[in-house]
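Work through the exercises below with the structure in view. Each task is followed by its solution.

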Amino acid sequence: MGYKPAGVQTGSVAGNKDGFEGFLIFEHALRSAPQAKPINGPRVFQDKRQLLETTNAHLGQIGRIILDSLSRSLQLTGDKNLASHPRGDEVGHIPHTDIGSSSMVFSDVPGLQVYHHREKNWMFIVPRPGRMICNIGDSAEFLSRNVLRSSLHRVIPHHTQRHKVKLTVVYLMRPPETDTVFVDRDGKEWRSVDWHNKKNRLFAKILDSQASNTALTGRNIEVDLWNEQDQAHL
């Protein structure tokens with residue numbers, strides 16, 4: 001398990017740190033930890049461990065069904081099947097694409113935006129009760145040879161609930177880090193673990209360094225920082 005505090009990475013507003021705080025709960029670590037041993041984290045994780053494990057397993061099954069369906073449509077078989085590779089003044093979360101294969105997002109507070117490439121505009125994805133949002137990540141894009149496209153997204157305050165705290169649960173799926181090899185948008189070959197580490201380091205860099213490297217977003221992010229005066233697009 002890992003903890004990422006807010007305010008240690010670049011935020012979605014120029015000159016401000018990020019407001020993204022989260023716990024990382026790794027499936028293999030949760031599965032192998034003794035039931036009688038407290039989980040290293042908030043007490044609620046231990047108190048609700050059975051619910052946590054059940055939810056984790058259920059989301060994993062849903063994710064594999066989604067990835068397998070995409071793979072069959074793209075005729076990706078054997079070790080190319082995306083489902084064989086699965087293994088969340090401080091404001092928002094900077095524009096980025098996810099590192100792994102897919103991400104399942106649960107939240108009841110709006111703020112997640114995706115970039116519409118044809119409209120060249122940011123659009124809010126409004127959460128709905130009992131529904132989840134599924135993002136495709138870089139690994140699925142590269143393993144499908146760019147047929148699938150990873151979703152460029154960010155988190156900013158929604159104009160109708162600007163002062164509300166946004167709590168989100170995200171289930172992340174990614175390829176085995178040491179075994180999976182793919183080719184990025186620029187034709188360079190990567191091991192999954194190296195791509196993962198590269199993007200994680202980019203989150204902590206200053207804005208100029210991020211803007212000069214398209215790995216974080218797949219495009220130039222300089223014009224995509226949030227401005228409070230911008231009109232909201234729903």
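Strands (E, at least two residues) and helices (H or I, at least four residues) are DSSP runs, numbered from the N terminus. The model is predicted, so local features need pLDDT of at least 70 and side-chain atom pairs count only at pLDDT 80 or more, while totals for chains, interfaces and linings use all residues. Residues are numbered from 1 along each chain as its sequence is written, and side-chain values use heavy atoms, with hydrogens and water left out.

**Exercise 1.** Locate Arg154 and state whether it is buried or exposed.

Solution. Step one: Arg154 belongs to strand β8, residues 153–155. Step two: its relative accessible area is 4%. Buried means under 20%, exposed over 50%, and partly exposed in between, with a 1.4 Å probe and protein chains only. Arg154 is therefore buried.

**Exercise 2.** Describe the sheet that contains β8 and how Gln113 relates to Arg154.

Solution. Step one: the strand order is β3-β8-β5-β6 in an open sheet of four strands with antiparallel pairing; two strands pair if DSSP finds at least two bridges between them. Step two: β3 (93–96) and β6 (121–124) are the edge strands, each pairing on one side only. Step three: β5 (residues 112–116) and β8 run antiparallel and are joined by three bridges. Step four: Arg154 in β8 is the bridge partner of Gln113. Step five: the side chains of these two residues, Arg154 and Gln113, also make a polar contact at 2.7 Å. Such a contact is a pair of N or O atoms within 3.5 Å; within protein, one must be able to donate a hydrogen and the other to accept it, and residues adjacent in sequence count only if both atoms are side-chain atoms.

**Exercise 3.** Describe the sheet of three strands and the helix that packs on it.

Solution. Step one: this open sheet has the order β7-β4-β9, with antiparallel pairing. Step two: its edge strands are β7 (133–136) and β9 (168–173). Step three: β4 (residues 102–107) pairs with β7 over four bridges, and Val105 stands opposite Ile133 in β7. Step four: helix α3 (residues 49–74) packs on the sheet and touches β4, β7 and β9; contact means heavy atoms within 4.5 Å. Step five: the direction of α3 makes about 55 degrees with that of β9. Axes are lines fitted to C-alpha atoms, for helices over the stretch in contact, and angles run from 0 to 180 degrees between N-to-C directions.
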